[in-house]
Amino acid sequence: FHRHSPESRPQPPFPGPNRARRCPPPLLAMSLLSLATLETVFTFQFLLPAAAIAAAMLFGMDYLAQQDRAEKKVAHVAAEPGMALTLGELASYDGTGGGKPILLALRGVVYDVAAGAAHYGVGGQYHTFAGRDVSAACAKFNKTSTALLNTRWSDLNSAEVALLDKWEAVMAAKYPKVGTVSDPENLAAAPAKEGGDAGEVAAAADAFSTQLGLGMFDRGHITA
């Protein structure tokens, strides 16, 4: 038999460590790419909800911090008991004037809510309530419609009156009564309902909101 020298021996079909590696076959490359793509998709599917939850938590913490700062900025000036304020005078106690308490009225009774400045002061979620009679807004469990502020509560239905009773008990337990509204006759009438389908939708929305508020009281989510 003919012997091959080490230099002339047939080379193995696979490259050695110092030889350039061959590219993987196209099918294998496509499979690897598909796996990488799937891995990326699954990663984002899990990361996006986690990022959303983290962002919500950060937003909530920032919101609470802002509320705390808002409360600290407001001078907690105590109101003089026995005040008799017109609706125009009550409007000046909305937390924007330095050295004044924050007041609101419920059924014509004025409450000093400066202790809740984080809610009723500038930047608080109920700031629009400050300086106004909020009876109708509380009865309809609606904090967004300014048309319900300084509105007569005599136009409320039985469910709305029941919810207003609960809010009145909460306010009386949390905040001191300091006076009354001296011109309740100047309260506006309840906003007129539209006719037709739009009116029915608005009435249904009011009823749903009121029942939602009653349910939150019944389940203990709102307490004094």
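Is tyrosine 120 buried or exposed? In this predicted model, in which local features need pLDDT of at least 70, side-chain atom pairs count only at pLDDT 80 or more, and totals for chains, interfaces and linings use all residues, the answer comes from the accessible area. Residues are numbered from 1 along each chain as its sequence is written, and side-chain values use heavy atoms, with hydrogens and water left out. Tyrosine 120 has a relative accessible area of 10% and is buried (buried means under 20% relative accessible area, exposed over 50%, and partly exposed in between, with a 1.4 Å probe and protein chains only). Tyrosine 175, at 7%, is buried as well.

We turn next to the aromatic rings. Rings of Phe, Tyr and Trp (its six-membered ring) pair if their centres lie within 6.5 Å; planes under 30 degrees apart count as stacked, over 60 as edge-to-face and the rest as tilted. By this rule there are five aromatic pairs. In one of them, the ring centres of tyrosine 120 and tyrosine 175 lie 6.1 Å apart with the planes at 80 degrees, so the pair is edge-to-face. Tyrosine 120 belongs to helix H3 (residues 117-120), while tyrosine 175 is in the loop between helix H5 (158-174) and strand E4 (177-181), so the contact ties together parts 55 residues apart in sequence. Helices (H or I, at least four residues) and strands (E, at least two) are DSSP runs, numbered from the N terminus.

A tilted pair joins tyrosine 126 and phenylalanine 129, at 5.6 Å centre to centre and 45 degrees between the planes. Here phenylalanine 129 is buried at 6% relative accessibility, whereas tyrosine 126 is partly exposed at 26%. Tyr120, Tyr126, Phe129 and Tyr175 form one aromatic cluster. Lysine 143 lies over the face of tyrosine 126, 5.0 Å from the ring centre (a charge sits over a ring if NZ of Lys or CZ of Arg is within 6 Å of the ring centre and within 35 degrees of the ring normal). The charged end of lysine 100 likewise sits over the ring of tyrosine 93, 4.6 Å from its centre.

The strands complete the picture. An open sheet of four strands has the order E1-E4-E3-E2, with mixed pairing (two strands pair if DSSP finds at least two bridges between them). Strand E1 (83-85) and strand E2 (103-106) are the edge strands, each pairing on one side only. Strand E3 (residues 109-112) pairs with E4 in the antiparallel sense over three bridges, and valine 110 has glycine 179 in E4 as its bridge partner.
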